[in-house]
Amino acid sequence: MDLDLQLFLGCLVFLFLVLVYKYAKRPFKLWKQLGVNGPEPRLIFGNIHEIHRPEGARLAYSKWQSQYGRRYGVYYFRKPALVITDPEWIKHILVKDFNNFRDRMAYDDNILLNKEALTGLFFANGDVWKRIRGIMTPSFSISKIKSMAAIVNRSAARLGEHVLKLAEEGTPWEAKLYCGAFTLDVVTGTGFSIDVDSVKNLNEPFTRHGRSLFVFKWWVQLQAILVLSCPEVMSHIVRWFEITFFKSDDMKFFDRNIKHMINQRKEDKEKRNDILQNLMEAESDVVLQGGSGKLTSEELVAQGIMLFIAGYETASSTLQFLLYELATHKEVMEKIIAEIDDVIGDQEPTYDLCQNLNYTEAAINETLRMYPPLSVITRECSKPTKLLDLDLPAKTSIAIPLYNLQRDPEFWKDPNEFNPDRFIEGTPSYEAHNPYTFFPFGLGPRLCIGMKLGMLKMKLAVVHILKRITITKATPEILHINDFSSILQPSVPILIYSAPRQSHRDKKDL
């Protein structure tokens, strides 16, 4: 090869490497410019390499807080994020300055999010979120939830009868599998007036696809890292190959079936008393600029899909962790059983009766404290914002590591000990906690819209399970939790070993 050509090619390679280096280094200046401490980022990946590991995020946030305090800067790939565990700062972000921090953090405009879910309430941003939130709020009023209680109770009774049968057989049962089937049964019933009896039919299509939404294989994590580390290039590949966060088969199943239900109701001119009907009445072909209190057809379907995503994961995960804790805290289980027998007895559980299950609610809250549905809550400033003494540029993200905050020894005594009494006034263990250190459903205007329905689901599930069985053991003995995508999942399924309660044995003998 000619010497001049070699030299020319060498210069091109050198120039290319310089450009790659500058591209990789470019975003990692913000926190030093603002005088905010934090871990040193790596080229391209930022600090994500410490977070995206099994059990990595919780350990990383704990280590960084001990090194840099309750406010420090990190980089999720190339995106700067201010990590906060200070209650006063949290109050400003979630409540006082909410209008500037209305949106959740989005990696490069949610490049990996399935198009069917883009305008779902959880993911929607700006004025679109505000309009959809206003439309959906009446569907989750107390009066609406009371009208749904019978459906929730029916599904919970089925769960209770099924686990009783397993207890009588001496068969251990997978907590997430059966609790997830129960929550999907509630979603299909309250959301769409469909009775699928998911607990009995674990492979029924709605149940199977709903369960599949949250099964993240190693390749999902790998593709996320590849896409988010170089979005300018990978965005085209994502579109060509339809690479998405949720499995496309699952999303297309829900998209197709929800559209079919909507079209069927329109053809039959049939109205039902469920959440889908409430949303259909807000549908319009035209949504005026600035918001008209209407939903487009695409937005209507997206909210239906969100009912499955949100309705399944929060309650089923919390229930599996609660049952696990009851297996090793029999005194807590006995108190819950005594309260259920005293408050409910042989009556049909109603919404109002469930409001008197104070200790049961405390046990659920303690589970939510130790195992929040999202281990990290995020926000993003929509415009340049002065947050206390920091001037943040637009699109700067905020990360609140809720798992760490709710187990912080500065705010909670013996934080790793499961103790529902800390939520019961008048007990020696009661802790008058700062509201900005415990918010598993979020805080402020973006508080989870389904919080009250979620609590009712969990209470009724506990009622119907513990009216029939006692938990004797749970495995694994040591619980290892993965938190990919901030969703807490045990590394191996939790199995529950149980026995029929004596009262049920006696009734059978009669």
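Q: What makes β1 and β2 count as paired strands, and in which sense do they pair?
A: In this predicted model, with local features needing pLDDT of at least 70, side-chain atom pairs counting only at pLDDT 80 or more, and totals for chains, interfaces and linings using all residues, strand β1 (residues 71-76) and β2 pair in the antiparallel sense over 6 bridges. Two strands pair if DSSP finds at least two bridges between them, strands being DSSP runs (E, at least two residues) and helices likewise (H or I, at least four), numbered from the N terminus. Residues are numbered from 1 along each chain as its sequence is written, and side-chain values use heavy atoms, with hydrogens and water left out.

Q: Which residue of β2 does Y76 stand opposite, and how many residues lie between β1 and β2 in their hairpin?
A: Y76 stands opposite K79 in β2; the hairpin has 2 residues between its strands, and F77 in the turn has a positive phi of about 55°.

Q: How many bridges join β2 to β7?
A: Strand β7 (residues 397-400) is joined to β2 by 3 bridges and the two run parallel, with S397 of β7 as the bridge partner of A81.

Q: What makes β2 mostly covered?
A: In β2 (residues 79-84), 6 of its 6 residues are buried, that is, under 20% relative accessible area, where exposed is over 50% and partly exposed in between (1.4 Å probe, protein chains only).

Q: Why is C448 called partly exposed?
A: C448 counts as partly exposed because its relative accessibility is 34%.
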